[in-house]
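Please consult the sequence and model shown here.

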Amino acid sequence: MASTVNLINLENVDKSYGLKTLLDGVSIGVNSGDRIGVVGLNGGGKSTLIRILAGLDTVDSGRVSRNNNLRMAVVSQDSDLPGTTVGEAVLSGLTGASGTLETHEWASDPRIRDVLEGIGVNDLGDGAGMDTPLEGLSGGERRRVGIAAALVRDLDLVILDEPTNHLDVEGVEWLAQHLLHRRCALVVVTHDRWFLDTVATTTWEVHDGTVDVFEGGYNDWTFARAERARQADAEEQRRANLARKELAWLRRGAPARTSKPRYRIEAAEALIKNVPAPRDNVELMSFATKRLGKKVIELEDATVTTPPPEARVLVDDLTWRLAPGERIGLVGVNGSGKTTLLRTLAGEYPLAAGKRIEGRTVEIGWLRQELEDLDGERRLLDAVEDVATRVEIGGKELTASQLAERLGFSAKRQRTPIRDLSGGERRRLQLTRVLMAEPNVLLLDEPTNDLDIDTLQELESLLDGWAGTLVVISHDRYLIERICDSTWALFGDGKLTNLPGGIQQYLDRRRELIAAPAAPSAPSSASPGQDAASGTASGAASSPGLSAQEDRELKKELNALERKMQKLSAKVDTLTAKLADAAMPADGNIDTALLADLDRELQGVRSEHDDCEMRWLEVAEMREEGHV
């Protein structure tokens with residue numbers, strides 16, 4: 001086994017900006033083979049720390065030493081890209097036999113091809129691939145180019161600042177697996193908890209000028225923080241007991257010399273013992289029904305296209321009815337139409353065909369990816385109180401100030417002018433304003449962008465007990481798995497597909513589609529199976545590798561599967577209607593047991609439909625490829 005080599009070392013480093021101390025006597029190091037995740041509150045010093053590690057910033061005092069001939073790449077939020085095209089930027093750090101790397105040299109390298117495909121270079125800008133001009137690319141696209149430029153090189157250390165922003169779920173998983181298989185050391189600032197838990201073997205928490213080091217990823221760090229709080233409370237308990245003894249002795253003297261202080265000691269074990277119960281979906285659905293009524297937002301026979309002149313079909317012949325209290329996670333690759341579909345649900349994007357129906361009591365709250373354009377001279381709290389001064393969430397009434405504080409704004413920070421807020425703080429302000437409007441339908445488009453982990457935990461806690469209909473687009477697997485009850489995907493086949501298996505099923509399906517691009521599209525769970533008489537799948541010509549008998553058997557099975565999917569789809573519609581009726585009975589007496597039974601039966605039918613759909617894909621592929 002190769003010995004560990006120290007790559008970068010910080011000794012007693014201090015760094016301040018104005019009156020704010022970001023690093024105070026910090027001593028840490030990066031060794032070969034380390035995979036370090038850096039976490040902490042926005043503005044706490046994470047980016048400053050990695051800039052010092054990379055040599056992009058100086059220290060006020062202390063010593064920074066680096067290994068000689070260290071091969072390192074840094075991808076920060078404001079990295080400059082060399083050249084004028086994507087290809088020049090990505091290949092700038094590589095050289096070939098003649099100095100400049102020729103096309104045939106990089107195109108024949110499987111590692112470079114894997115990076116370009118995995119990070120989606122060919123999908124940037126106008127889709128021209130390596131010849132795409134850098135001018136005109138968005139910030140997220142430029143970030144992807146910077147990541148690709150770092151990963152194609154043979155390095156000792158890669159430093160990444162928020163690499164998962166602007167990547168879809170599939171891109172995040174690819175990046176994690178790629179980094180796991182590299183031999184180089186890694187330092188990554190990230191708020192993506194799944195990514196942190198997957199790639200990191202060590203976690204650095206930057207707070208109050210110090211850097212605390214924990215072994216493991218997000219889960220280990222969370223447990224370590226709880227244990228640290230428990231030990232701190234135990235130490236405080238011992239100190240308090242000693243103080244009580246001292247006070248008892250003092251009271252034997254003149255009582256007027258002192259007064260008895262009050263101590264309120266709360267142990268971390270008490271928090272762990274009283275873990276909140278899982279979300280009561282039936283109760284929340286019942287409450288949502290009272291606020292929303294039976295009808296929320298419905299799309300009937302809807303066709304959604306991209307804007308003219310391209311007018312590419314994103315979803316065709318879609319019938320989708322959002323139920324009161326339904327919690328939906330929407331996933332898909334970049335460009336699949338997730339944001340356009342969300343805009344359609346909000347009524348801000350027209351349908352190419354079909355109709356949109358909205359319930360009378362619906363109040364939509366929409367968190368867009370774009371930041372709101374607010375008056376920079378106004379205070380943060382004023383911008384929140386412009387919407388409302390009080391809000392009720394999870395059965396508790398919160399003032400505008402209390403809600404802002406829960407989302408990471410201290411009382412002092414709430415008096416800050418909007419112009420002085422960072423991008424992450426503006427995102428939190430936008431979210432606070434949406435929640436203060438007390439919507440009963442929430443549409444969230446990438447709500448986790450630029451939010452630190454503590455704010456994400458507060459957001460999830462707020463939404464966990466929120467009674468209303470929720471549709472969220474996010475690449476944060478933790479967020480979707482915690483606050484959503486069902487996952488739907490856009491695979492680019494013009495259909496909206498339900499995924500009972502969640503994000504993992506989505507990734508499995510994407511791998512299948514990439515591995516078998518010629519396989520015929522399967523019917524979507526949002527639209528019943530295709531007509532067997534239409535000739536789309538069951539009318540395919542016999543494959544030359546199959547005997548006539550084998551082909552007849554496969555065709556027979558395809559027809560049977562299509563009939564079964566049609567019956568299951570009808571059963572889903574029936575159960576959905578029954579569930580809506582049971583949630584709002586005429587006599588007002590809600591049978592929670594019946595609701596739970598119907599919900600379990602509905603999930604079972606959906607799972608059976610999905611199994612049939614997967615088998616349909618397999619059989620159709622057998623006929624297509626001509627083997628059993």
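## Basis

This is a predicted model, in which local features need pLDDT of at least 70, side-chain atom pairs count only at pLDDT 80 or more, and totals for chains, interfaces and linings use all residues. Residues are numbered from 1 along each chain as its sequence is written, and side-chain values use heavy atoms, without hydrogens and water.

## Cavities

Two cavities of 30 Å³ or more are present. A cavity is a set of points on a 1 Å grid over the protein atoms alone where a 1.4 Å probe fits but cannot get out, and lining residues have an atom within 4 Å of a point. A volume is the space filled by probe spheres set on the points.

The largest cavity has a volume of about 60 Å³. Its lining comprises one nonpolar, five polar and four charged residues, among them Glu162, His191, Asp450 and His475. Because domain 1 (6-222) and domain 2 (282-510) both contribute to this lining, the largest cavity lies between them; the domain bounds come from an automatic or database assignment.

The second largest cavity holds about 50 Å³. Leu371, Glu372, Leu374, Ile418, Arg426, Leu429 and Gln430 line it.

## Threonine 432

Threonine 432 belongs to helix H14 (residues 423-436), and is buried at 0% relative accessibility, where buried means under 20% relative accessible area with a 1.4 Å probe. The side chain of threonine 432 reaches the backbone oxygen of arginine 428 at 2.7 Å.

Beyond neighbours within four places in sequence, threonine 432 is in contact (heavy atoms within 4.5 Å) with Val384, Leu403, Ala404, Leu407 and Phe409.

Key
1 Å grid on protein atoms, 1.4 Å probe; cavity = no way out; pocket = protein on both sides within 12 Å on 5 of 7 lines; lining within 4 Å. Nonpolar A, V, L, I, M, F, W, Y, C, P; charged D, E, K, R; others polar. Helix = DSSP H or I, 4+ residues; strand = E, 2+ residues; numbered from the N terminus. Buried < 20%, exposed > 50% of the residue type's maximum accessible area, 1.4 Å probe, protein only. Polar contact = N/O pair within 3.5 Å; in protein donor to acceptor, adjacent residues only side chain to side chain.
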